[in-house]
Amino acid sequence: MTISLQHSINVKASPAEVYQALTNLDQIARWHCGQVNGEVAIGQTLTLESDEGPTFTWTTRELIPNSKIVQECTQGPGSSTGKALTFQLRASGQQSSIELSHDGWDPADPHLPRCNTHWGHVLHRLKAYVDQ
């Protein structure tokens, strides 16, 4: 049995603005703490090298403009390879909701607590960027 990490945050930006912040390399570089290389496009890879730690490569599996991004970790430390990451974007009045799920975790994986905390930080950095 595997579990999914789930996070959600509201931002003062449209789904289109959030989508751009998650798919445009120049924008990703502004809120991500580290180096950004590659491309966010179906079948293409995005490599995120964090100033705070490890490097991850994500292959984009699904893109629904202004709505959904699905990526698979194709390179990273520990048990990260093969896990799916989904960003679901929804308009909510004057705000947008960003829902993040990171699927495929073994509940006994020793990296689960750190990764769960990391995704919370990622969403807060993204929020700070799109809310400005």
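**A walk through the model**

Mentor: Thr60 is buried, with a relative accessible area of 1%. Keep in mind that this is a predicted model.

Trainee: Which element is Thr60 found in?

Mentor: Thr60 belongs to strand 4, which covers residues 55-64.

Trainee: And what is Thr60 in contact with, leaving aside its neighbours within four places in sequence?

Mentor: Two stretches of the chain show up. One is Val40, Ala41, Ile42, Gly43 and Gln44, and the other is Val70 and Gln71. The C-alpha atom of Ile42 is 5.0 Å from that of Thr60, although the two residues are 18 apart along the chain.

Trainee: Which side chain makes a polar contact with the side chain of Thr60?

Mentor: That of Gln71, at 3.4 Å.

Trainee: What about Thr57, buried or exposed?

Mentor: Buried, because its relative accessible area is 9% and the cut-off for buried is under 20%. Thr57 also lies in strand 4. Beyond its sequence neighbours within four places, Thr57 is in contact with Thr45, Leu46 and Thr47, and with Glu72, Cys73, Thr74 and Gln75. Its C-alpha atom is 5.8 Å from that of Cys73, a residue 16 places away along the chain.

Trainee: Where does Asn66 lie?

Mentor: In the loop between strand 4 and strand 5. Asn66 is partly exposed, at 34% relative accessible area. Its phi is near 65°, a positive value in a residue other than glycine.

Trainee: Which cysteine sulfur is closest to that of Cys115?

Mentor: The one in Cys73, at 9.1 Å, which is also too far for a bond.

Trainee: Now the largest pocket. How many residues line it?

Mentor: The lining has 31 residues. Cys115 comes up again here, because it is one of those nearest the pocket centre, together with Pro54, Phe56, His118 and Trp119. The space in the pocket is about 740 Å³.

Trainee: Which element gives the most to the lining?

Mentor: Helix 3, with eight residues. Helix 3 spans residues 112-130, and other elements that each supply at least two lining residues include helix 2 and strand 4.

Trainee: How do the lining residues divide into nonpolar, polar and charged?

Mentor: There are 16 nonpolar, twelve polar and three charged residues.

Trainee: What does the side chain of Gln27 make a polar contact with?

Mentor: With the side chain of Tyr129, at 3.4 Å. A polar atom of the Gln27 side chain also lies 3.4 Å from the backbone nitrogen of Ala21. Apart from neighbours within four places in sequence, Gln27 is in contact with Glu17, Gln20, Ala21 and Tyr129.

Conventions: Residues numbered from 1 in each chain as written. Predicted model: local features only at pLDDT ≥ 70, side-chain atom pairs only at ≥ 80, totals over all residues. Heavy atoms only, no water. Polar contact = N/O pair within 3.5 Å; in protein donor to acceptor, adjacent residues only side chain to side chain. Contact = heavy atoms within 4.5 Å. 1 Å grid on protein atoms, 1.4 Å probe; cavity = no way out; pocket = protein on both sides within 12 Å on 5 of 7 lines; lining within 4 Å. Points joined across faces, edges and corners; volume = space filled by probe spheres on them. Helix = DSSP H or I, 4+ residues; strand = E, 2+ residues; numbered from the N terminus. Nonpolar A, V, L, I, M, F, W, Y, C, P; charged D, E, K, R; others polar. Disulfide = S-S within 2.5 Å. Buried < 20%, exposed > 50% of the residue type's maximum accessible area, 1.4 Å probe, protein only.
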